[in-house]
Amino acid sequence: MALPDALTEAQIYHRCPLDKLDFETTESLEDLALPFGQDRALRALEFGASMKAQGFNLFVLGPSGAGKHELVRRVLASHAAEKPVPSDWCHVFNFQQSDKPGAIELPPGEGRLFKADMSELANELKTTIPATFESEEYQARIQELQEEVTRRQQQGLSEIQEEANANNIAMLTTPAGFTFAPMRNGEVIEPEEYKTFSDEEKELVESKVEDLQKKLQQAIQQVPRLRKEVRERVHALNEEMVQLTLGGPMGELREKWAHVPAVVAHLDAVREDVVEHAEAFQDTENGAPAGLLNRYRVNLLVDNAETRGAPVIYEDLPNHQHLAGQIEHRAHQGNLYTDFTLIRAGALHRANGGYLILDARRVLSQPMAWESLKRILFSGEIRIESLERLYGLATTVSQQPEPIPLSVKVVLLGDRMLYYLLSHYDPDFLDLFKVEADFEDDMERDEASYLLYARMIATMARSAGVRTLDREAVARLIEHASRLASDQNKLTAHDRVLKDLLTESDHWAGVANSPQVCASHVQQAIDERDYRASRVRERSLEHIRRGVVMIATQGEQVGQVNGLSVLQLGATRFGQPTRITATARPGKGQVVDIEREAKLGGPIHSKAVMILSRFLANRYAPMNELSLSASLAFEQSYGGVEGDSASVAETCVLLSAIAGVPLKQSVAVTGSMNQHGEVQAVGGVNEKIEGFFNVCRQDGGVNSQGALLPASNVEHLMLNESVREAVQDGRFSIYPVTHIDQAIELLTGLEPGQPDADGVFPEGSFNRRVADRLAAFAEVGKSKDKDTGQDNGNGGHNGQS
Amino acid sequence: MADTTVSHKTPEPAPAEARRILVLLDGSRRSLAALEAAADIARAQQAEVLGIFVEEVSLLRSAGYGFAREVGRSSGVARPMDVDALEVRMQATAEKLRRALERTLAPWGVAQALRLCRGEVVEQVLGLVQPDDLLVLGGAGWSGISSFRLGSTARSLLRQAPGDVLLWPESRSLPPGRVVVLLNHDQGANHRAVRVGVELARRGQRALTVLVRSDAADDREFLEELAAMLEAGGISARVRRLPKAGAAAMARAVREEGAAQLVISRQCSLFEQQGAESLLCQLNLPVTITP
């Protein structure tokens, strides 16, 4: 197998060709209305924003800092501008059921007018109605009424008295009532004298007295009815007077609001209520009670007078109350009171008819907010329920405002994991959020994209208010965007990182008193960021330099190789070499992964070791038993190992241990391997190579060291300048390998050798050495089995321990 | 309507009177309120108070009939009546009144007595009252079912008593306001009414209004006479002329003046009108009727 050539500088870094950037500074570049490379997300957004059917709410998913928020706002704003302004909504008192305030929909901007009209009406009532009651007309009519009633009361009694007198019977008052007695010449007859009357006369008198008593009883029992009648007639009079007083203002209002039937109906209800409570307005000293007048006022819940197009609302604290609205209470002398004027709108009210943008994570972290949002979206109406009621903690009488019909497009922003978790665990989720707008992490880097990316940078620079960038600075930024994407053919779409870098470059340009941001400032910003995050990396390098962590970058050694690993700390990643060692002795075909045994290895790592042990068995002992007891360890690794990127290194070091052939310590190895020995791509190659390079540099300078990496990883290389210089000078070599044999040859300098038709490797080749050594192990194993079999017959397990 | 203000020159001391105050008592709440009012006047004038309690003969007689029933004033329920029970009730009432008199007046050293009589109320009272005496009657309304009890009695006494009659409403204390005297320009007995009004105003330190009912244009002479009278009384008063309108208009005029007390002559033409008395009641003011 032919050995690969070391990579050239051009292969390990994709420069941005300056001729593609046809401008001097970013000042001459036009703004980019929409980011490029996000076609999928944009189409989804456009679709979601214009789709009318229920349930087509959006979930915009992408990593945080991808600029989702701004983009969503921009897209929605352009859509909203073309849509009509939604209605105003207000709550009014419900005169039938006082705890269920009514909701009235009004054309946009008219809510304010209605509110003003009603409070003016309330003020007018306060003065005009008492004036009516004070009028002479009213007073005279009330007096007439009372006089009439008095007359009727008296009349009943005097009629009885007259009748009694006419029949010679006296009607006398007693302390508690009345009584009748026969009379003569105006005087009550002595009972003794009465006894002398004839029976007919007595009968006549007594029946008359009885008759009069009955009449009197009837007359007295009529009194409550009479009084009630008076009350009713006074009430009717009050109503009449109030009707007359209200006629004018009410008529005007009814005419003005004739186009809104709900308002007209409310006005009629108000009039009836005023009439019903006419007596309450009679108090001329204090005026009508404020509580009574407040009922005629309007609680303007949603005021769209200033709204242009459909509203686009972002609620940054999406808790239950802020979403669905709430009913506040007023404390008065230690008691809490509420009425319809204390109903407060939520974000859903304000966004009704438009768009509501929410952060998914925040919604989910607020108690009941997610459930409430779903409930409201399902029902298509906003019903204000307090949290304590939802939980059943409070059962006090409160307001239950009439639900308001809802037509809103909810746009949730969140990371991908949240989207997939919600789709998996929440059965309602996909019913309500049918449109996913998935943001790309990175975009294509091709001929066409250079200028677009430059314009995007220019747009970003302008919106961030930083200096203009010259061409070189933009080129450097584009190159760094590739490095951030870890791909020569991609550019990162991560808004936040780029923006931070821009503002930091601007800062350094400012420090240097430069009118523009130049490439050096961008580089300085990159270096400074790198330096700020370098504490742990420097510490790790120091350990290696002082020999605390043992890493050799020169010489050769059997059963020892430099693997490469990546550490992620916060937002930064860095690579460092790790010594991997192996031992080999006769045994039962076992490769012990010490990391796994010590429970420091992850499942992917274990899988990789199993793959390599099957590769060994298949290649070197296809027909016979593999007598091997080998072990693999990551030296001085205490934090656990995961991933399969060390499997090429592990294979090499294991083979070295078996064959006793030393490996070059100056070459670090990364790459994963399949069961056929083919090398596969891994992640973090830039950090790994730079990590090893840094170790070499501090350990006596870089001199003919290098690294092996999977050939399929070459297009991910965007290495830093010092590595590039060393590569250019031939002091550091990076080899792309496709097969384990290439790695073996590069590390040992020995021809690996291909097996002939019988499966025998050529004499003197590396593989032959391995095969021979394994055969020797097998011999040892057999003789040992024989010995133990003769001794005690159960030695078969020894090799397993 | 012409308003004239007559101011006094030299105030004249109130004449020391040695008249009696007679209070007609029947044990009702209203009559006890009248007793309080009488006590106030008595304390101010150091006059003797004589409570009168009349055991009505006709009532006793009517109780003697086997078929007699008492029909409740507000419930209308009929209960049998009985002479013995009535007698007991009357004795208890008399005792209660005696104690009330003592409690109200003895601490101030005002002479007081309760006169028990048996007979007809009007007859008995008229037999006791002298022209110089003040007769105090309790009972806000003279009409209406709640005050029917005093109705005919009060009416007869108002018309027949030889001296002043004070009709006291149910309320115990006097509201703030003016003393209003209501006169007819063409009647002779105005002097007494004006004098009583002046005295009430002075005693209560209240403003005085004289309302003159007059239709004729020839009242100049009368107004001059009135001015002279007020001057003699040494008090300034507002004088208003009113047309001889109905009782209702009169009541309104009195109310408009902010009246707290009303003085009216028995000969006032107002009493010729139907319902005048009931209107006076509705004012719910203490009314003094002068001969």
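Strand β2 (residues 20–25) of chain B is joined to β7(B) by three bridges and runs parallel to it, with B:Val23 partnered by B:Val136. Five bridges connect β7(B) to strand β8 (residues 164–168) of chain B, also in the parallel sense. There the bridge partner of B:Val136 is B:Leu166. In a regular strand, side chains alternate between the two faces of the sheet. In β7(B), B:Leu134, B:Val136 and B:Gly138 point one way, B:Leu135 and B:Leu137 point the other way, and all are buried.

Chain B as a whole contains nine helices and 13 strands. Of its 291 residues, 44% are buried. Among contacts in chain B between residues at least 6 apart in sequence, 79% link residues at least 24 apart.

The average pLDDT of chain B is 75, and 78% of the residues score at least 70. Helix α3 (residues 83–105) of chain B has the highest confidence, at a mean of 87, whereas strand β1 (residues 3–6) of chain B has the lowest, at 43. The pLDDT is below 50 over residues 1–17 of chain B, a stretch that has 30 contacts in the model beyond near neighbours in sequence. Residues 140–150 of chain B likewise stay under 50, and for them the model has 36 contacts beyond four places in sequence. Where pLDDT is low, the predicted coordinates should not be read in detail.

In chain A, strand β1 (residues 58–61) is covered on both faces, with A:Leu58 and A:Val60 buried on one side and A:Phe59 and A:Leu61 buried on the other. The strand has two parallel pairings. One, over four bridges, is with strand β16 (residues 409–414) of chain A, where A:Val60 has A:Leu413 as its bridge partner. The other, also over four bridges, is with strand β17 (residues 435–438) of chain A, where A:Ala437 is the bridge partner of A:Val60.

A:Val60 also features in the largest nonpolar core. This core has 107 residues, of which A:Val60, A:Leu356, A:Val411, A:Leu412 and A:Ile457 touch the most other members. Its largest share, eight residues, is contributed by helix α17 (residues 449–464) of chain A. Beyond its neighbours within four places in sequence, A:Val411 is in contact with A:Leu58, A:Val60, A:Val72, A:Leu76, A:Tyr355, A:Leu356 and A:Ile357. Another core lies apart from this one and has 73 residues, including A:Val591, A:Val641, A:Leu708 and A:Leu746. In soluble globular proteins, nonpolar side chains tend to be buried together.

Helix α24 (residues 647–659) of chain A comprises 13 residues and spans 18 Å from its first C-alpha to its last, close to the 18 Å expected at 1.5 Å a residue. The helix is mostly covered, with 13 of its 13 residues buried. A:Gly660 follows α24(A) and has a positive phi, near 75 degrees.

The contact between the chains involves 28 residues of chain A and 25 residues of chain B. On chain B, α2 (57–63), β4 (69–72) and α5 (148–160) each contribute at least two residues to the side that touches chain A. That side of chain B consists of 10 nonpolar, nine polar and six charged residues. Strand β5 (residues 177–184) of chain A is joined to β4(B) by two bridges, and the strands run antiparallel. A:Phe178 is partnered there by B:Val71. For the complex, the predictor gives an ipTM of 0.73 and a pTM of 0.69.

Terms used: Residues numbered from 1 in each chain as written. Chains lettered and ligands numbered in written order. Predicted model: local features only at pLDDT ≥ 70, side-chain atom pairs only at ≥ 80, totals over all residues. Contact = placed C-beta atoms within 7 Å. Nonpolar A, V, L, I, M, F, W, Y, C, P; charged D, E, K, R; others polar. Pairing = 2+ DSSP bridges. Expected span 1.5 Å × (residues − 1). Buried ≥ 20, exposed ≤ 12 C-beta atoms within 10 Å, placed from the backbone. Core = buried A, V, L, I, M, F, W, Y, C linked by C-beta atoms within 7 Å. pLDDT = per-residue confidence, 0-100.
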